[in-house]
Amino acid sequence: FFALSGFILTYAYGHRLKDLLQWRGYRDFLRARLIRLYPLHLFMLLFILGMVITLRALAAAGGYVSIYDLPWHQDVSPKGFVLSLFLVQAWGTMDRLTWNGLSWFVSVEFALCLLFPALLYLSNGRPWRGAALIAAGVAGLLALLANSTHGLDITFDYGVLRGLSVFVIGIGMAVLFRAVKDQRIPAWTHSVVQILLLLLLGYAVTSTGWSHTRNDIYTVLPLMALVFALAFDKGILAQALKTRVPQLLGEWSYAIYLGQSIWLTA
């Protein structure tokens with residue numbers, strides 16, 4: 001998602017760099033991003049607050065321990081709640097996931113939005129800048145992997161660095177896409193590339209083990225490459241994604257992701 005986000009934001013705002021570098025344009029950009037990110041995040045945070053209060057009361061009345069007070073459960077402290085309100089809970093401010101643990105992603109996405117004008121400035125110019133950003137992002141992921149004991153399952157601690165690495169890859173792919181999008185490439189070529197990437201992704205998912213290791217990179221690379229391959233809107237997979245079910249799932253995807261903590265807890 002970070003790669004997709006970097007790609008789409010660059011594609012949408014690439015011609016508006018001058019505006020983003022001014023306070024008014026920057027403010028409007030952040031407002032637009034927060035309107036998409038924050039309301040559902042706040043709703044989920046308050047909903048889980050209600051669950052914590054309710055389930056602790058039931059546990060006290062029933063003489064058992066609430067799921068929120070078990071040692072392996074994510075943090076539900078006042079500190080974590082306040083940090084979550086301000087979307088900074090995954091900026092190295094906590095030693096574990098807090099409240100709606102999956103909202104670490106929203107916190108990182110907010111940090112990337114704050115940095116976006118500077119990153120877009122770095123991409124502005126010839127296509128070689130896109131290739132350089134992709135190389136820098138892949139190098140960042142490899143550096144994180146080299147210092148991680150759990151692959152790319154990096155969230156509350158170095159999630160911003162993980163997100164930044166992938167985000168700049170998305171920006172770089174958008175720069176390259178802008179340079180080649182008008183080339184006349186046969187639809188069958190797009191189909192072949194998409195099928196090959198799907199096969200690579202399937203092989204990586206099924207052959208690198210169930211736990212997070214340095215082999216995570218083999219899953220990440222074809223998944224990110226699909227963002228670029230599908231951007232041309234041609235080929236068999238691109239056509240399949242235009243049908244009703246994946247379109248509907250796409251509209252729901254943010255809510256499905258951010259809301260799953262409630263169902264898992266229940």
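## Surface patch

In this predicted model, a nonpolar patch on the surface is formed by Trp-188, Val-192, Ile-195, Leu-196, Leu-199 and Ile-236. Together these residues have about 630 Å² of accessible area. Helix 8, residues 187-207, gives the most to the patch, with five residues. Leu-196 is one of the patch residues and has its place in helix 8.

## Largest nonpolar core

The largest nonpolar core holds 52 residues. The members that touch the most others are Phe-2, Tyr-13, Phe-29, Trp-99, Phe-116, Leu-141 and Phe-167. At least two residues of this core come from each of helix 1 (2-13), helix 2 (17-20), helix 3 (23-62), helix 5 (104-123), helix 6 (128-146), helix 7 (159-180), helix 9 (216-231) and helix 11 (244-265). Helix 5 supplies the largest share, 10 residues.

Phe-167 is in contact with Phe-2, Ser-5, Gly-6, Leu-9, Leu-112, Phe-116 and Leu-119, leaving aside neighbours within four places in sequence. Two of these partners, Phe-2 and Phe-116, are also listed with Phe-167 among the core members that touch the most others.

## Second core

A separate core of five residues is also present. Among its members are Leu-197, Leu-201, Leu-226 and Ala-229.

## Ser-165

Ser-165 lies in helix 7. Its relative accessible area is 9%, so Ser-165 counts as buried, the cut-off being under 20%. Not counting residues up to four places away in sequence, Ser-165 touches Gly-137, Gly-140, Leu-141 and Leu-144. Of these, Leu-141 is one of the core members that touch the most others.

Key
Residues are numbered from 1 along each chain as its sequence is written. This is a predicted model: local features need pLDDT of at least 70, side-chain atom pairs count only at pLDDT 80 or more; totals for chains, interfaces and linings use all residues. Side-chain values use heavy atoms; hydrogens and water are left out. A nonpolar core is a set of buried Ala, Val, Leu, Ile, Met, Phe, Trp, Tyr and Cys residues joined through side-chain atoms within 4.5 Å. Buried means under 20% relative accessible area, exposed over 50%, partly exposed in between (1.4 Å probe, protein chains only). Helices (H or I, at least four residues) and strands (E, at least two) are DSSP runs, numbered from the N terminus. Contact means heavy atoms within 4.5 Å. Patches are made of residues with over 30% relative accessible area and no salt bridge: like charges are joined within 9 Å, nonpolar side chains (Val, Leu, Ile, Met, Phe, Trp, Tyr) within 5 Å. Accessible areas come from the Shrake-Rupley method with a 1.4 Å probe; for residues, only the protein chains shown count as cover. A salt bridge is a side-chain nitrogen of Lys or Arg within 4 Å of a carboxyl oxygen of Asp or Glu.
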